[in-house]
Amino acid sequence: MKHLFQPGTDTNAPVLLLLHGTGGTEHDLLPLAQLLSPSSPVLSVRGNVLEKRMPRFFRRLAEGIFDEEDLKFRTKELYDFIAEASETYGFSRDNVVAAGYSNGANIAGSLLFHYADALRGAVLHHPMVPLRGLALPDLTNVPIFIGAGTNDPICSAIESEELTYLLQGAGASVTVHWEGNGHRLSSSEVQRAAEWFKAAF
Ligand code: MLT
């Protein structure tokens with residue numbers, strides 16, 4: 001997958017897996033990584049799917065309606081890519097924390113829904129429920145931050161609550177931070193995520 005890797009200054013800090021929103025690139029969330037964990041190695045990946053020339057991590061049929069077969073295929077593709085990158089760059093596969101926004105948060109959510117060992121933790125900015133009807137793996141000891149919007153037109157407050165409930169049901173320790181800025185990733189939300197990150201890892 002197209003990506004960039006930055007080695008960081010602390011090889012023991014969690015490796016940040018950055019996952020951009022629709023139409024983004026692997027460069028978009030680098031400032032977020034600096035705020036969350038400035039000393040961390042960073043693996044920032046570009047989604048392999050194009051929607052009208054906009055990169056994404058999986059296909060969708062319409063806004064908020066996902067192509068589930070493609071989502072499952074792309075989730076495994078990303079899972080395998082992280083393992084491959086850990087060998088290429090020499091980081092520990094079990095020390096990866098995702099930070100994603102919107103479509104990137106959704107593929108991170110799908111990694112959590114499919115694999116117990118994909119992520120050590122996750123920062124999900126404006127995620128949706130990636131899939132329904134799945135038995136989730138055991139996510140005990142996986143800390144997850146969800147940045148949600150009370151007035152997010154893409155991910156409703158009810159869906160944010162449903163996602164929280166599903167992840168908690170799998171044993172994850174979930175912190176939800178609410179904002180009233182629609183689907184936007186605001187600086188106050190990022191600041192709260194950074195505070196959470198420092199306490200969690
Ligand atoms: C998605 O397709 O993942 C969600 O609708 C969020 C978005 O990318 O707009």
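In what order do the 7 strands of the open sheet lie? Colour by strand and read across: 1-3-2-8-9-10-11, with mixed pairing. Now select strand 1 (3–6) and strand 11 (173–179): they stand at the edges with a single partner strand each, so one side of each has no neighbour in the sheet. Ignoring direction, neighbouring strands here are turned by 15 degrees against each other on average.

A quick note on what you're looking at: this is a predicted model, where local features need pLDDT of at least 70 and side-chain atom pairs count only at pLDDT 80 or more, while totals for chains, interfaces and linings use all residues. Residues are numbered from 1 along each chain as its sequence is written, and side-chain values use heavy atoms, leaving out hydrogens and water.

Next, pick strand 2 (residues 15–19) and strand 8 (residues 96–101): they run parallel, joined by 5 bridges (two strands pair if DSSP finds at least two bridges between them). Zoom in on L17, which stands opposite A98 in strand 8.

Now click S40, in the loop between helix 1 (30–36) and strand 3 (42–45) (helices are DSSP runs of H or I, at least four residues; strands are runs of E, at least two; both are numbered from the N terminus). S40 counts as buried because its relative accessibility is 3% (buried means under 20% relative accessible area, with a 1.4 Å probe and protein chains only). The S40 side chain reaches the backbone oxygen of P14 at 2.6 Å.

Definitions and conventions:
Buried < 20%, exposed > 50% of the residue type's maximum accessible area, 1.4 Å probe, protein only. Polar contact = N/O pair within 3.5 Å; in protein donor to acceptor, adjacent residues only side chain to side chain. Axes fitted to C-alpha atoms, helices over the stretch in contact; angles between N-to-C directions.
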